[in-house]
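Please keep the sequence and the coordinates in view while reading.

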Amino acid sequence: QVQLVESGGGLVQAGGSLRLSCAASGRTFTGYAMGWFRQAPGKEREFVAAISWSSGNTYYVDSVKGRFTISRDNAKNTVYLQMNSLKPEDTAVYYCAARRGLISRWSNDYDYWGQGTQVTVSS
């Protein structure tokens, strides 16, 4: 079993930055790809970014390319999402997720989820 805890959310003005963290515990992190998803009020959960176990592969939704960066520190069992040039449309609850194997943009592929952290971007 893997437990995931997100942190780093908050309120920021448009154009600002936030860094989300997701700490994993409970069992070995080895071989797990990690993803970030978000869900805005009244909308379905959507993929944001994913990173492979080795950090050799990353994948982003088009709307965040060039603004967000996903990274991980396997020694700390932590994955990060650096979010720059934030826009009001980035407002959502952000979730991290883990799956054993290759990175994926599909939420159904992920086995473990965190509880989410709120990101609010004011205009």
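## A buried aspartate and the basis of the values

Aspartate 90 counts as buried, because its relative accessibility is 1%, where buried means under 20% relative accessible area, exposed means over 50% and partly exposed lies in between, with a 1.4 Å probe and protein chains only. The model is a predicted one, in which local features need pLDDT of at least 70 and side-chain atom pairs count only at pLDDT 80 or more, while totals for chains, interfaces and linings use all residues. Residues are numbered from 1 along each chain as its sequence is written, and side-chain values use heavy atoms, with hydrogens and water left out.

## The charged network

Side chains of opposite charge can pair when their charged atoms come close. A salt bridge is taken here as a side-chain nitrogen of Lys or Arg within 4 Å of a carboxyl oxygen of Asp or Glu, and by this rule the model has 4 salt bridges. One of them joins aspartate 90 to arginine 38, with an N to O distance of 2.9 Å. This pair links distant parts of the chain, since aspartate 90 sits in the loop between β8 and β9 whereas arginine 38 belongs to strand β4 (residues 32–39), 52 residues apart; helices (H or I, at least four residues) and strands (E, at least two) are DSSP runs, numbered from the N terminus. Aspartate 90 also forms a salt bridge with arginine 67, whose closest N and O atoms are 2.8 Å apart. Arginine 67 lies in the loop between β6 and β7 (68–73) and aspartate 90 in the loop between β8 and β9, so this pair ties together parts that are 23 residues apart in sequence. Arginine 67 and aspartate 90 are both buried, and salt bridges with shared partners join Arg38, Glu46, Arg67 and Asp90 into one network.

What links glutamate 46 to arginine 38? The two residues form a salt bridge in which the closest N and O atoms are 2.5 Å apart, and their side chains are also joined by a polar contact of 2.5 Å, a term for a pair of N or O atoms within 3.5 Å in which, within protein, one must be able to donate a hydrogen and the other to accept it, residues adjacent in sequence counting only if both atoms are side-chain atoms. Arginine 38 is buried, with a relative accessible area of 5%, whereas glutamate 46, at 33%, is partly exposed. Glutamate 46 is found in strand β5, and apart from neighbours within four places in sequence, glutamate 46 is in contact (heavy atoms within 4.5 Å) with Phe37 and Arg38. The C-alpha atoms of glutamate 46 and arginine 99, which are 53 residues apart along the chain, are separated by 16 Å.

## An open sheet

Four strands make up an open sheet in the order β1-β3-β8-β7, with antiparallel pairing, two strands being paired if DSSP finds at least two bridges between them. At the edges stand β1 (3–7) and β7, each with a single partner strand, so one side of each is left without a neighbour in the sheet. Neighbouring strands of this sheet are turned by 15° against each other on average, direction ignored; the axes are lines fitted to C-alpha atoms, for helices over the stretch in contact, and angles run from 0 to 180 degrees between N-to-C directions.

Strand β3 (residues 18–25) and β8 run antiparallel and are joined by 6 bridges. The bridge partner of arginine 19 in β8 is glutamine 82.

## Aromatic pairs

Rings of Phe, Tyr and Trp (its six-membered ring) pair if their centres lie within 6.5 Å, with planes under 30 degrees apart counted as stacked, over 60 as edge-to-face and the rest as tilted. This rule gives 6 aromatic pairs. Tyrosine 32 and tyrosine 112 have ring centres 6.2 Å apart and planes at 50°, so the pair is tilted. Because tyrosine 32 lies in strand β4 and tyrosine 112 in strand β10 (residues 112–113), the pair ties together parts that are 80 residues apart in sequence. Tyrosine 32 and tyrosine 112 are buried. Ring pairs also link Phe37, Phe47, Tyr59, Tyr110 and Trp113 into a cluster.

## Two serines with positive phi

Most residues other than glycine have a negative phi. Serine 55, however, has a positive phi near 70°; serine 55 is placed in the loop between β5 (46–51) and β6 (58–60) and is partly exposed at 33% relative accessible area. Serine 85 likewise has a positive phi, near 50°, in the loop between β8 (78–83) and β9 (92–100), and with a relative accessibility of 42% serine 85 counts as partly exposed.
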